[in-house]
Amino acid sequence: MLDYFRQPCFEKLFTQARKKIKSFNGLRGKVVLDHLSPQEQDLLGGFLGRNCLGKTRLTITLAEIDQVIQNSSLEMGLYDFLELYFGEKIITNQETSEARSRQWEEFFAKLHRTAGTPCTKDWLNQLLQGTGRGYRTLLGLYRQDPRNTLAEVSLCLKALDYLADHGRQKTRIPVFAASLTGDPHALDQDNPLGRLLYYGLQHLLNKPEADYTAEGKRALFREAGLEEDDVSSNVIVAGLKVCMDDPRFAVFESTNKTLSPLVLPLRFLEIPTRWQPEQMVYMVENPAVFSAILDAFQHRQGIHSPPLICGSGQPSVAALTLLDQLAQAGCIINYSGDFDVKGLEIALRLAQRYGQNFRPWCFDVKTYLGVSKGKTIDPDQFNSLRKLEVPWDKKLVDTMLEKRIFVYQESFVEKLFKNN
């Protein structure tokens with residue numbers, strides 16, 4: 001008899017019936033069949049025991065289908081029939097939701113058994129309620145792989161419990177990660193454990209979910225006693241001046257005389273330096289431009305290079321640390337970047353960060369229009385550019401939108417050299 005019900009009109013009927021049972025959590029609701037052929041009308045009429053001829057559209061309640069099946073030779077209800085017909089148990093949406101809720105609660109019950117401090121237990125309680133810091137990240141990881149996420153969160157709790165019990169003892173992040181997992185990169189921000197620990201530290205230190213920048217995350221980890229390695233983040237400089245009584249005066253003096261650049265790692269900058277106050281400092285976005293400016297000064301004997309800094313794109317933690325120190329010393333940071341979305345965004349962030357100590361340097365409409373060639377702006381970048389507003393030159397963005405080209409620093413190196 002099942003073979004008889006494999007005909008297309010019955011497959012449509014029973015497929016819709018099963019869908020209604022799942023969504024309505026029982027034998028409620030109705031199904032609608034459209035565009036029925038005369039043959040299908042006849043088949044369905046025979047099944048239902050009513051005249052369906054001439055009706056291309058039928059509305060049939062699940063209760064009616066259930067009654068027909070019960071009165072047939074199958075002697076079973078619609079629910080059991082559909083499970084036999086499709087060869088699988090019907091699980092309603094409500095049952096699925098309830099099962100997921102039980103699994104979610106069991107997930108947290110296991111985690112609670114590994115939590116060792118009031119802080120981690122409180123964080124788990126908030127996450128279970130959907131209000132804890134990092135809830136969305138945890139939920140996304142859980143949906144991808146519940147078992148692996150359980151292991152990752154357990155490690156995160158272990159790390160938080162250790163940090164809660166050991167105050168602010170200074171530990172390098174890769175060393176801490178290796179002791180925790182055997183992998184020195186386990187706490188990198190592109191790994192699940194690193195992201196989870198970031199939110200766990202926000203809870204531990206009662207910090208708001210606001211600063212997602214590399215610098216903000218570094219500051220959060222540092223407050224908990226976890227330090228990054230302090231040599232991989234660096235910044236390239238030339239011509240920077242320090243006070244004569246600074247212990248490293250001779251280092252800068254000798255390199256400045258030969259226009260030799262210095263690569264300053266974060267560790268160097270974490271040792272207090274007495275920068276010469278109120279310097280006019282010039283910063284470029286691109287390394288090739290930095291080198292080209294030094295080349296130009298080397299060809300002009302007797303002309304000393306002004307203090308130069310290379311941001312190498314998005315300024316590193318080391319670069320921002322240096323700029324913070326220079327701004328505190330009263331120096332003016334003259335910044336020039338590419339006339340594209342990324343270049344403008346960097347400049348806007350620096351302008352906001354340094355306020356009156358920030359100056360745009362050859363970063364205006366006049367400089368932009370002075371370059372004849374550039375790169376055509378693609379549609380996505382065009383839309384991103386429209387959202388920017390440059391406070392020091394209100395016409396700049398509109399001009400770039402009108403010309404539809406990006407202009408890069410390499411095209412106006414000579415102007416940078418002459419205007420400092």
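In which helix do Trp104 and Phe107 both lie, and how many residues apart are they? Both belong to helix α5, residues 93–112, and they stand three residues apart, about one turn of the helix. Helices here are DSSP runs of H or I of at least four residues, numbered from the N terminus.

Colleagues, the model before you is predicted: local features need pLDDT of at least 70, side-chain atom pairs count only at pLDDT 80 or more, and totals for chains, interfaces and linings use all residues. Residues are numbered from 1 along each chain as its sequence is written, and side-chain values use heavy atoms, with hydrogens and water left out.

I turn to the aromatic rings. Rings of Phe, Tyr and Trp (its six-membered ring) pair if their centres lie within 6.5 Å; planes under 30 degrees apart count as stacked, over 60 as edge-to-face and the rest as tilted. The count by this rule is 31 aromatic pairs. In one of them, Trp104 and Phe107 are stacked, with 5.8 Å centre to centre and 10° between the planes. Trp104 also pairs with Tyr142, edge-to-face, at 4.8 Å centre to centre and 80° between the planes. Trp104 and Phe107 are both buried, as is Tyr142; buried means under 20% relative accessible area, with a 1.4 Å probe and protein chains only. Elsewhere, ring pairs join Tyr4, Phe5, Phe10, Phe14, Phe47, Phe81, Tyr85 and Phe86 into a cluster.

Charges also meet rings. A charge sits over a ring if NZ of Lys or CZ of Arg is within 6 Å of the ring centre and within 35 degrees of the ring normal. Arg248 lies over the face of Phe268, 3.6 Å from the ring centre, and the charged end of Lys217 sits over the ring of Tyr198, at 5.4 Å from its centre.

Next, Thr255. Is this residue buried or exposed? Thr255 has a relative accessible area of 14%, so it counts as buried. Its place is in helix α12, residues 249–257. The C-alpha atoms of Thr255 and Ala238, 17 residues apart along the chain, are separated by 7.7 Å. Leaving aside neighbours within four places in sequence, Thr255 is in contact (heavy atoms within 4.5 Å) with Ser260 and Leu262.

Thank you for your attention.

Technical notes: Helix = DSSP H or I, 4+ residues; strand = E, 2+ residues; numbered from the N terminus. Buried < 20%, exposed > 50% of the residue type's maximum accessible area, 1.4 Å probe, protein only.
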